[in-house]
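User: Can you walk me through this model? I'd like the fold, the packing and the charged pairs.

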Amino acid sequence: MKNSKMMLTIKEIRDASWFSNLTTAIIILYASVLGFKTLDEAAQPYGNILYIFDWVITIYFVIEIAIKMIAEERLRDFFKNGWNNFDFIIVAITLVPLENSSFAAIARLMRVFRILRLFTARPELKRIIDMLIKAVPSIIDIVILMFIIFYIYAIIGSFVFQDLPSGLWSNFLTAMLTLFRILTFEDWTDVMYEAMEVYPWAWAYFVSFVIIAAFVFFNLFVAVIIGEMQKLQEEDMKQEIHEEHEKIDQLLKEVQELKALIKEREK
């Protein structure tokens, strides 16, 4: 009986919003302290305090991961969730005693990855990451299509504008970098005007590339992400409807049991 009450309490702690908010606050605080530690002169007087704080954070993360593991009915259920594996690996790596070894720099670098636990501490962030992961196949197709457009325009640019004095089109690879610069709108008009001094029609090349690569492909990326968001919302709605149906079925079952019990008593 005590064990069941304890398990129920642990599950309530795991699912409580205050527990998630506390973890989020600690990670943000840790990120701030980690940034402060990079300021050697300012952080040096607080070296011992920062060291103790680092260990307090480590202990909290161990307790947090232990609560999540204990809350599962079976331990292997914990590792079936990819996010749980992510949390466990980060916590386990930061527990490896490398501070006083030749790998001390690696140990400090590993502690930076604790900040990534913010993804798992906030359910909303987890949903966004899950959505982006589901959108990866479509994004890869868009990137391939974009590469084809880059390739064609780079070949044309390296042939036509190769002799321009700036050398921005001297070869295929340089032309690819120049096109990337144009895509980021970094002084792209200067590149266009230089080409127009020799080839007045060059504006058509640059304007068409900006329209296709910048505007069209940007909207494609947005469309893919919005589509995945809509799918996620639909899945949530289906899940909510399913849960409501289960509740209704359970209530109907209880009503039938009560009716049967009343009939038995009337007899």
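Analyst: Below I take the fold, the confidence, the cores, the aromatic rings and the salt bridges in turn.

User: Ground rules before we start?

Analyst: This is a predicted model: local features need pLDDT of at least 70, side-chain atom pairs count only at pLDDT 80 or more, and totals for chains, interfaces and linings use all residues. Residues are numbered from 1 along each chain as its sequence is written, and side-chain values use heavy atoms, with hydrogens and water left out.

User: How many helices and strands are in the chain?

Analyst: The chain has 12 helices and zero strands. Both are DSSP runs numbered from the N terminus: helices are H or I with at least four residues, strands are E with at least two.

User: What share of the residues is buried?

Analyst: Of 267 residues, 27% count as buried. Buried means under 20% relative accessible area, exposed means over 50%, and partly exposed lies in between (1.4 Å probe, protein chains only).

User: Where is confidence lowest, and where is it highest?

Analyst: Lowest in helix H7, residues 104–112, with a mean of 63. Highest in helix H10, residues 172–183, at 90. The chain averages a pLDDT of 80, and 89% of the residues score at least 70. That score is the predictor's confidence in each residue, from 0 to 100.

User: Switching to packing. Which residues touch the most other members of the largest nonpolar core?

Analyst: Phe161, Trp169, Leu179, Ile182, Tyr205, Phe206 and Phe209, in a core of 27 residues. Helices H9 (123–160), H10, H11 (188–198) and H12 (202–266) each supply at least two of its residues. H12 gives the largest share, nine residues. Another core lies apart from it, with 17 residues, among them Ile10, Tyr30, Phe61 and Ala121. A nonpolar core is a set of buried Ala, Val, Leu, Ile, Met, Phe, Trp, Tyr and Cys residues joined through side-chain atoms within 4.5 Å.

User: What does Phe209 touch?

Analyst: Leaving out residues up to four places away in sequence, Phe209 touches Phe150, Tyr153, Leu179, Ile182, Leu183 and Ala214. A contact means heavy atoms within 4.5 Å.

User: And contacts over the whole chain?

Analyst: Take the contacts between residues at least 6 apart in sequence: 64% of them join residues at least 24 apart.

User: How many aromatic pairs?

Analyst: The structure holds 19. One of them is Phe185 with Phe215, tilted, at 6.4 Å centre to centre and 45° between the planes. Phe185 sits in the loop between H10 and H11, and Phe215 in helix H12, 30 residues apart. Phe185 is partly exposed at 41% relative accessibility, and Phe215 is partly exposed at 47%. Rings of Phe, Tyr and Trp (its six-membered ring) pair if their centres lie within 6.5 Å; planes under 30 degrees apart are stacked, over 60 edge-to-face, and the rest tilted.

User: Which residues form the aromatic cluster?

Analyst: Phe150, Tyr153, Phe161, Trp169, Tyr199, Trp201, Tyr205, Phe206 and Phe209 form one cluster.

User: Now charges. How many salt bridges?

Analyst: Three. The rule asks for a side-chain nitrogen of Lys or Arg within 4 Å of a carboxyl oxygen of Asp or Glu. Arg14 and Glu72 make one of them, at 3.4 Å, N to O. Arg14 is in helix H1 (residues 2–15) and Glu72 in the loop between helix H4 (47–70) and helix H5 (75–78), so the bridge ties together parts 58 residues apart in sequence. Arg14 is partly exposed at 25%, and so is Glu72, at 22%.

User: What partners does Lys68 have?

Analyst: Glu64 meets Lys68 at 3.4 Å, N to O. Those two are four residues apart in helix H4, so about one helical turn separates them. Asp87 also bridges to Lys68, again at 3.4 Å, N to O. That pair links helix H6 and helix H4, 19 residues apart. Shared partners join Glu64, Lys68 and Asp87 into one network.
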